[in-house]
Amino acid sequence: MRALALPDAPVIVDLGSGTGAALAALVETCGGIGVGIDVSAAAALHAARRHADLTWVVANADRRLPLLDGSVDLVVSLHARRNPTECARVLTRHGRLILALPAADDLGALRAQVLGADSGRDRTEAAIAAHAPWFTLAARHRVQDTRRLSRDEAVAMVEATYRGGRASRLASIDALVDMEVTLASDVLVLTPGADAPA
């Protein structure tokens, strides 16, 4: 986090904050003020109960962010929604935007079992292009971990995705067994460009 050159007490915003664990870890590492934004009231309530010292907001990150212009030092979106224009608006001139996107091989073994194919798609170039009018790519990293999942954990992982609700996949889901799964993300660090709002 030192490489991000954040100020001493940064304002950190997590879009799609979910349980709040990622934001809490960031604030513990960097200090400062943490604001989690999620469209789910249940997720925000869960996060507030676990991390009462942070701020939790129920809002749709696809729309206008409920934040002042130039008031945020770091925005993160971890496998969540992205709103380039709003991120550019709320970030300070020296702020940073970190995007974590599912890598092409993320959950490949699980996809192969449920969907019959393990090939995903690379999302990084499209994300870079979508942010290019307001941001410059500063760094690109890959984060990967391989874990052994029990059958129940594998089922829970499928149910946590949009694929879990498809009736056509129920037989494949029922047939899941213990398996080794790779979790992989492409991480982009973006800085406000010359055309970003002042």
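This is a predicted model: local features need pLDDT of at least 70, side-chain atom pairs count only at pLDDT 80 or more; totals for chains, interfaces and linings use all residues.

Visitor: How many residues does the largest nonpolar core have?
Guide: The largest nonpolar core has 23 residues. Such a core is a set of buried Ala, Val, Leu, Ile, Met, Phe, Trp, Tyr and Cys residues joined through side-chain atoms within 4.5 Å. Buried means under 20% relative accessible area, exposed over 50%, and partly exposed in between, with a 1.4 Å probe and protein chains only.

Visitor: And which strand gives the largest share?
Guide: Strand 5 (91–102) does, with 4 residues. Helices (H or I, at least four residues) and strands (E, at least two) are DSSP runs, numbered from the N terminus.

Visitor: What does Leu 15 touch?
Guide: Leu 15 is among the residues with the most contacts inside the core. Leaving aside neighbours within four places in sequence, its contacts (heavy atoms within 4.5 Å) include Ile 37, Val 75 and Cys 87.

Visitor: New topic: which residues lie nearest the centre of the largest pocket?
Guide: They are Leu 78, His 79, Ala 80, Pro 102 and Asp 106, out of 32 lining residues. On a 1 Å grid over the protein atoms alone, a pocket is an open set of points where a 1.4 Å probe fits, with protein on both sides within 12 Å along at least five of seven lines; lining residues have an atom within 4 Å of a point.

Visitor: Which helix gives the most to that lining?
Guide: Helix 4 does, with 3 residues.

Visitor: Now helix 6: which residues are buried there?
Guide: In helix 6 (151–159), Ala 154, Val 155 and Val 158 are buried. They lie on the same side of helix 6 because they cover an arc of only 100 degrees around the axis, taken from the directions from the helix axis to the C-beta atoms. The face turned away carries the exposed residues Asp 152 and Glu 159.

Visitor: Last one: where is His 51?
Guide: His 51 sits in the loop between helix 2 (41–50) and strand 3 (55–58).

Visitor: Is His 51 buried or exposed?
Guide: His 51 is buried, with a relative accessible area of 18%. Its contacts beyond four places in sequence include Thr 19 and Trp 56.

Notes. Residues are numbered from 1 along each chain as its sequence is written. Side-chain values use heavy atoms; hydrogens and water are left out.
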